[in-house]
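This report concerns helix packing, the nonpolar core and selected local features. The sequence and structure are shown first.

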Amino acid sequence: MKFSTFFLFFSLFIYLSAVGYGFVYPQPIFVSEDSPLALLMRNMYEEATLIRQAILEKRSPKDVRKQFKAIYTATPTDPQVHDENFIPFSDNFLTALDQIYNNEDSAVENFNAMVASCVACHRHYCPGPIEKIQKLYIYP
Ligand code: HEC
């Protein structure tokens, strides 16, 4: 065995032992950071499923209006998302969200209108999650 080959295996052995004993934590080489907007969206999706559940069980949903105002400022993965349509889409979404709390008698219709406002913005910027978002609709 050539010395260089031996050295390669020896280094690997030392590295793996260090990982095994917890002296070294292996890191993925390509770290893809999720943008603040992507994290907010994931949270919005989770909260929307909880609001949906509350409406189906005829409970008052948790008020997430303040939390979701961050949609205006959270940094997106693609900066081009912040074009002239982004604020109007966000306004429509937050108005639809507001309706859910203002009129609990028509919570189902208002919830569906909010889901439609998620989908409308997604058609414009980010069609990937549309199928998943549409599963939130409440059918009679
Ligand atoms: C004003 C536009 C807009 C509205 C309204 C909107 N989204 Fe999004 N959404 C986006 C954009 C843009 C992204 C891509 C975010 C990024 O990668 O930075 C996104 C990403 C997502 C993602 C993927 C997140 C990930 O893991 O990368 C989900 C899920 C999502 N949105 C769900 C929702 C739901 C549910 C609603 C409504 C409750 C909603 N969105 C309303 C624009 C919007």
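## Packing of α4 and α5

The axes of α4 and α5 approach within 8 Å and cross at roughly 165 degrees, which makes α4 roughly antiparallel to α5. Axes are lines fitted to C-alpha atoms, for helices over the stretch in contact, with angles from 0 to 180 degrees between N-to-C directions; an angle over 145 degrees counts as roughly antiparallel. The crossing of α4 and α5 is left-handed, meaning that the near helix is turned anticlockwise from the far one by less than a right angle. Among the residues that meet here are F89, F93, L97 and I100 in α4 and A107, F111, M114 and C118 in α5; contact requires C-beta atoms, placed from the backbone, within 7 Å.

This is a predicted model, in which local features need pLDDT of at least 70 and side-chain atom pairs count only at pLDDT 80 or more, while totals for chains, interfaces and linings use all residues. Residues are numbered from 1 along each chain as its sequence is written. Helices are DSSP runs (H or I, at least four residues), numbered from the N terminus.

## Packing of α2 and α5

The axes of α2 and α5 come within 10 Å, again with a crossing angle of roughly 165 degrees, so α2 is roughly antiparallel to α5. I51, R52 and I55 of α2 form the contact with A107, V108 and F111 of α5. This crossing of α2 and α5 is left-handed.

## The nonpolar core

The largest nonpolar core comprises 11 residues: A48, I51, I71, F89, F93, L97, I100, A107, F111, M114 and C118. A residue is buried if 20 or more other C-beta atoms lie within 10 Å of its own, exposed if 12 or fewer, and partly exposed in between.

## Helix α1 and local features

Helix α1 (residues 3-20) has 18 residues and spans 25 Å between its first and last C-alpha, close to the expected 26 Å (1.5 Å times one less than the number of residues). The number of buried residues in α1 is 0. G22, which follows α1, has a positive phi near 80 degrees.

P88 lies in helix α4 and is exposed, because 10 other C-beta atoms lie within 10 Å. K58, in the loop between α2 and α3 (65-68), has a positive phi near 55 degrees although it is not glycine. K58 counts as exposed because it has 8 C-beta neighbours inside 10 Å.

Note on methods:
Helix = DSSP H or I, 4+ residues; strand = E, 2+ residues; numbered from the N terminus. Core = buried A, V, L, I, M, F, W, Y, C linked by C-beta atoms within 7 Å. Parallel < 35°, antiparallel > 145°, perpendicular 65-115°, else oblique. Contact = placed C-beta atoms within 7 Å.
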